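Reader: I'd like to go through the labels on this model and hear what stands behind each one. Could we start with a single residue and work outwards?

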Amino acid sequence: MTTAPDTSAGILIVDDMEENLVALEAVLGSLSQKVVRARSGEEALKAMLREEFAVVLIDVLMPGMNGFETAANIKGLDQTKDVPIILLTGASVDPNYAYRGYTVGAADFLIKPFDPWLLRTKVNVFLDLHRKNRQLAAQAEQLKRLLTSDDHPGGEGPLPATTTATTTPTDTTSTAAATTAGTGAAAPAPPASPAGSPVVASSPAGSPSVPAAHPPIPPEGPGAPPPHEPSPQPAAPASDTSRLAEIAGQLAEVELLLREAKGSDKKRLADRIAELEQAVGRLMVNRGT
């Protein structure tokens with residue numbers, strides 16, 4: 001399968017002899033890839049720092065910095081350490097050259113004269129590997145952007161959970177206070193202090209002329225208990241003691257109805273009414289009843 005050439009990364013050929021560079025260019029020309037020349041190891045390092053290469057071909061026997069030293073320097077730089085290197089050398093060489101080339105990080109070692117088809121095949125393998133690495137990096141970056149956009153949607157976010165939590169109990173308490181007032185008992189303010197405090201206990205007793213004629217309003221909805229029969233209205237105004245006892249009974253009825261209904265807010269309100277019952281009971285004990 002033919003792949004499109006990667007124009008962003010070329011092939012670097014390094015040799016001190018002009019005729020060798022010309023021969024390498026002729027062999028690699030059919031790959032349709034950019035080929036850059038370098039006449040020494042120092043020139044090769046400068047070229048690799050200026051631009052990106054998919055593979056480097058280096059002649060071993062060069063004056064000054066030889067091929068082994070050039071390969072070692074390329075592998076020693078963070079910017080170029082991952083570039084594959086193919087070392088080239090003549091036929092009459094030390095047998096240990098191949099081993100030495102692999103120890104400095106070379107990917108392959110070819111002996112001149114080499115087969116042009118073999119050289120093109122090896123170089124094309126590294127070109128294809130470079131293209132695939134670039135594609136994987138681009139896909140990883142795209143996936144990272146998608147994950148980031150999913151974690152942080154633009155402009156929208158969940159509403160604060162405290163809004164409902166803070167308004168619902170207050171509204172329910174106000175409704176319960178109005179319900180209690182409809183039963184004929186003094187409507188107590190929502191207790192801001194613990195049960196049994198003077199503020200909570202004195203509120204019911206401070207209402208001297210409240211009729212106690214209406215039963216508590218039962219909750220609506222399916223499963224609600226049947227309404228209670230209204231208490232008989234006294235013929236004459238009741239004393240403070242009898243009025244407190246009647247208020248305690250009515251609060252007990254409201255508590256029972258609220259506990260049978262569903263909802264955490266109603267349960268919380270029933271607990272508050274139970275505290276009021278205890279406060280009324282203590283007030284009755286203090287009055288000697």
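**What the labels rest on**

Reader: Why is serine 32 called exposed?

Author: Serine 32 has a relative accessible area of 54%. Exposed means over 50%, buried under 20%, and partly exposed anything in between, using a 1.4 Å probe and protein chains only. As for its place, Serine 32 is in the loop between α1 and β2, and has a positive phi of about 55° despite not being a glycine.

Reader: What sort of model is this, and how are things counted?

Author: It's a predicted model: local features need pLDDT of at least 70 and side-chain atom pairs pLDDT 80 or more, while totals for chains, interfaces and linings use all residues. Residues are numbered from 1 along each chain as its sequence is written, and side-chain values use heavy atoms, with hydrogens and water left out.

Reader: How many helices and strands does the chain have?

Author: There are 9 helices and 5 strands. They're DSSP runs numbered from the N terminus: H or I for at least four residues makes a helix, E for at least two makes a strand. Along the sequence that gives β-α-β-α-β-α-β-α-β-α-α-α-α-α. Of the chain's 289 residues, 33% count as buried.

Reader: What makes threonine 89 count as buried?

Author: Threonine 89 has 0% relative accessibility, which falls under the 20% limit and therefore makes it buried. This residue is in strand β4. Contact means heavy atoms within 4.5 Å, and on that basis threonine 89 touches Asp59, Val60, Leu61, Tyr97, Phe109, Leu110, Ile111 and Lys112, leaving aside residues up to four places away in sequence.

Reader: Is tryptophan 117 buried or exposed, and how do you know?

Author: Exposed: the relative accessible area of tryptophan 117 is 56%, which is over the exposed cut-off. Tryptophan 117 is in helix α5 (residues 116-151). Tryptophan 117 and leucine 28 are 89 residues apart in sequence, yet their C-alpha atoms are 9.5 Å apart in space.

Reader: Which residues of helix α2 are buried, and on which side of α2 are they?

Author: In helix α2 (residues 41-50), the buried ones are Gly41, Ala44, Leu45, Ala47 and Met48. They span an arc of only 165° around the axis, so they sit on the same side of α2; the arc is that of the directions from the helix axis to the C-beta atoms. Exposed Lys46 and Arg50 are on the face turned away from that buried side. Among the elements covering the buried residues are β1 (10-14), β2 (35-38), β3 (53-59) and α3 (67-76).

Reader: What is the angle between α2 and α3, and what is that arrangement called?

Author: The two helices pack at about 25°, with axes 9 Å apart. That makes α2 roughly parallel to α3, because angles under 35 degrees count as roughly parallel, over 145 as roughly antiparallel, 65 to 115 as roughly perpendicular and the rest as oblique. The axes are lines fitted to C-alpha atoms, for helices over the stretch in contact, and angles run from 0 to 180 degrees between N-to-C directions. Gly41, Ala44, Leu45 and Met48 of α2 meet Thr70, Asn73 and Ile74 of α3.

Reader: How do the 5 strands form a sheet?

Author: The order is β2-β1-β3-β4-β5 in an open sheet with parallel pairing. Two strands pair if DSSP finds at least two bridges between them. The edges are β2 and β5 (108-111), each pairing on one side only. From one strand to the next, the twist averages 20°.

Reader: What makes β3 and β4 a pair?

Author: They share 4 bridges in the parallel sense, and the requirement is at least two, so they pair. Leucine 57 has isoleucine 86 in β4 as its bridge partner. Helix α1 (residues 18-28) packs on the sheet against β1, β2, β3 and β4, its direction making about 170° with that of β2. Helix α2 also packs on the sheet, touching β1, β2 and β3, at about 165° to the direction of β1.

Reader: And where is proline 113?

Author: Proline 113 is in the loop between β5 and α5. A cis peptide bond joins lysine 112 to proline 113, with omega about -10°.
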